[in-house]
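Please go through this structure by question and answer.

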Amino acid sequence: MKIPRRIVTTIMAVLIVGAVAFVWEEFFHHRGSPEDLEVTEPLNEQGMRSVTLYFGGRNAEGFVSERRIITASLHRDEEVQAVVEELLQGPKSASAVRTWPEGTALRDVFYDDDLHLLYLDFNTALVSGDTGGSAMETMTLGALLRTIAVDFPEVDGVQILVNGLEVETLAGHIDCTKPFRPREWL
Amino acid sequence: MTNRGRSTLRSALGVGLILPLVVGLLAISSSRLAAQDSAQKEFAARSARINPGEGRPSMTVTLKQLSPPSEEWYIAGSDLADALQVGRFWRADVRKLVLRLDDLRVTFTAGARSVVSEKSTILLRTPVVFHQGEPWIPMEFFTSVLPQLSDKSVRWNADDFTLNLGVRMTNVEGLSFEQGDLYTQLVVKLNTPLAFRVDDSQPRQLIVKLYGARISPGALTVTQPRGLVDSVEARQYSDYALLTVHLSELVSRYQSLSRADGREIVLKVMQEPITTIPEPVPRGPKIVQTLPSTEVGRKITVRRVIIDAGHGGADDGKKGVGGLLEKDVSLAIALELKRELQGKDGIEVFLTRDDDSTVGLIERTEFANQQRGDLFLSIHCNGWYAPDAKGVETYFLSPAKTQWDSTVAREENLTTGVAEDVDFIVWDLVQNQFIQESATLAEEVQEGLSSDLKLDNRGVKQAGFRVLVGAYMPAILVEVAFLSNPQEAKLLASRDFHRRVAHSLARAILKFRDRMEAVREEKP
């Protein structure tokens with residue numbers, strides 16, 4: 001079958017004009033025209049934010065930091081929940097160690113806006129697993145409090161609860177009866 | 001159509017096809033280049049307010065989104081330097097921006113995500129971007145990097161685009177000097193009592209270790225000579241700070257003490273009065289001589305020693321490799337130590353438990369106070385989530401890291417006047433009065449165990465131990481070795497090891513006693 005040349009030429013011309021227009025629009029037209037700037041709103045519920053997590057070093061000396069992207073929220077307790085869940089998941093790097101007793105889970109988060117005081121309620125695995133050893137306990141607290149201090153600098157105090165109640169210590173060493181000041185753990 | 005007509009059409013079509021392609025490719029490549037270079041496209045701009053703190057007026061800067069699809073906001077390098085009030089150096093050839101942040105050089109490289117300083121390398125989520133002739137830094141720098149590098153506190157409010165910078169809580173206020181006839185007194189002013197230790201092993205310098213100190217090194221640095229002090233260097237480490245005091249060669253001895261309720265550390269360096277014509281100084285290298293020191297402070301007698309075997313009864317403590325329980329090891333060592341120390345030079349030993357019974361943490365301290373103990377030593381074994389960790393560490397109480405309301409309590413204590421009438425002391429603050437002696441005891445025990453038993457020396461540390469709070473005496477907790485490490489678990493199971501640990505602990509306690517009893521009671 002023979003297609004008339006005129007039709008072929010027309011199609012070609014349309015394609016070429018289209019391509020040129022596309023290139024112009026995409027690469028030349030936009031550049032350096034400040035009136036195109038749109039003022040957008042800052043991150044809101046739909047946004048993401050990057051957070052820093054701390055895990056233990058393999059020999060229980062020092063911390064190893066890793067980054068995660070979490071869903072940003074206007075509600076601080078939701079962001080805290082997401083960050084602590086990530087901590088409980090453990091590190092990705094082989095040089096880092098997860099600093100939580102087996103089976104530890106976060107039950108609830110409550111933030112007192114007036115006192116800037118954060119309550120973190122864990123399950124009993126936090127105190128009943130194979131814990132013991134000051135290194136374990138100080139690093140569990142250290143990794144948590146350091147993470148809170150860096151990701152939520154506005155938090156002045158962190159009170160740890162187990163099954164909704166205050167505990168004396170996690171494993172027989174560090175006093176947990178009062179809130180910790182996370183910034184002092186940086 | 002003729003053949004000729006066809007070929008003309010073909011070549012016209014060819015040119016028509018190729019030309020736009022070439023143009024298009026050129027456009028793409030130039031656009032890519034531009035993206036890397038000065039004409040980085042802006043996607044959004046918004047003004048933000050920065051309150052730089054330290055009494056400086058707030059400034060308004062323009063933030064831009066420069067790196068799609070990320071919605072990260074960027075600040076111009078020059079605005080960043082202004083906000084932090086630090087010097088900046090831009091090297092166009094290697095596209096590096098360097099900021100002087102206290103004594104750190106913080107380097108940003110256009111196109112790279114890393115922020116490099118002497119302290120660490122931290123990765124940003126989005127790269128530094130070159131735009132309008134200078135590097136632009138992601139705002140993430142303020143929230144996640146700056147707090148790790150400086151003593152600044154940062155609060156970023158994403159709702160109204162306001163950044164508040166401030167000074168993070170430091171607990172060392174500053175230095176002052178008092179000049180006398182033949183001495184210079186260096187006074188370190190603290191916000192909270194801190195334990196310290198003076199290392200005089202280096203010639204012509206004193207190194208003051210401040211446990212749990214958070215300092216702003218710039219505020220404690222002295223470059224010009226002040227009396228007998230030539231200069232002072234300050235350095236922050238993870239859980240302590242070091243002040244290196246360089247001394248004039250005239251200094252022949254020194255004293256160190258804490259006063260003002262532990263809120264001041266005084267370092268008094270002295271020269272001898274010149275009574276005779278000094279002998280000519282021999283040429284050549286000077287013989288290194290350390291300075292004779294005098295510890296000044298409270299005299300403590302050590303007669304009644306309280307030994308606390310960690311855990312016990314329902315509380316197993318750490319379960320070791322091979323099923324060994326921490327509570328059994330700590331009891332075994334405690335019993336050995338009692339055998340070793342009881343009756344030696346009139347020392348009496350009291351155990352918080354001598355069998356496998358459950359004893360509360362506060363009960364243990366109360367027992368120690370009731371027995372009017374002179375020294376409290378809690379024996380534990382360490383544990384870790386991985387088998388790698390090993391070695392010995394010794395702890396004393398960190399008052400600052402524990403209490404939410406101790407500052408309030410202290411102020412109440414001071415203002416209610418109760419303290420003057422009945423010598424009322426808040427339980428949480430009791431140990432503060434002995435923190436200096438506790439640090440000394442901890443260093444003796446740590447040094448002894450690590451060298452006597454060839455264990456890795458993990459250092460003296462501070463933490464908010466429940467069992468040490470409220471002890472009205474020097475009090476420490478020793479973590480002998482790791483039950484989670486296979487080799488050390490084997491050691492901890494051996495009777496011979498228990499004996500050697502007990503022997504080393506006994507020696508450290510006797511050394512501590514000698515040191516405390518040699519202390520001269522004197523006011524500066």
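Q: Which helix of chain A gives the most to the lining of the largest cavity?
A: This is a predicted model, in which local features need pLDDT of at least 70, side-chain atom pairs count only at pLDDT 80 or more, and totals for chains, interfaces and linings use all residues. Residues are numbered from 1 along each chain as its sequence is written, chains are lettered from A and ligands numbered from 1 in the order written, and side-chain values use heavy atoms, without hydrogens and water. The lining includes Met136(A), Glu137(A) and Thr140(A). With three residues, the top contributor is helix α4 (residues 134–151), a helix being a DSSP run (H or I, at least four residues) numbered from the N terminus.

Q: What residue of chain B lines the largest cavity?
A: A cavity is a set of points on a 1 Å grid over the protein atoms alone where a 1.4 Å probe fits but cannot get out, and lining residues have an atom within 4 Å of a point. Chain A supplies residues such as Pro101(A) and Leu126(A), and chain B supplies Tyr385(B).

Q: Are Phe141(B) and Phe142(B) buried or exposed?
A: They form an edge-to-face aromatic pair, 5.9 Å centre to centre with 70 degrees between the planes; rings of Phe, Tyr and Trp (its six-membered ring) pair if their centres lie within 6.5 Å, and planes over 60 degrees apart count as edge-to-face. By relative accessible area (under 20% is buried, over 50% exposed, 1.4 Å probe, protein chains only), both Phe141(B) and Phe142(B) are buried.

Definitions and conventions
On a 1 Å grid over the protein atoms alone, a cavity is a set of points where a 1.4 Å probe fits but cannot get out, and a pocket is an open set with protein on both sides within 12 Å along at least five of seven lines; lining residues have an atom within 4 Å of a point. Helices (H or I, at least four residues) and strands (E, at least two) are DSSP runs, numbered from the N terminus. Rings of Phe, Tyr and Trp (its six-membered ring) pair if their centres lie within 6.5 Å; planes under 30 degrees apart count as stacked, over 60 as edge-to-face and the rest as tilted.
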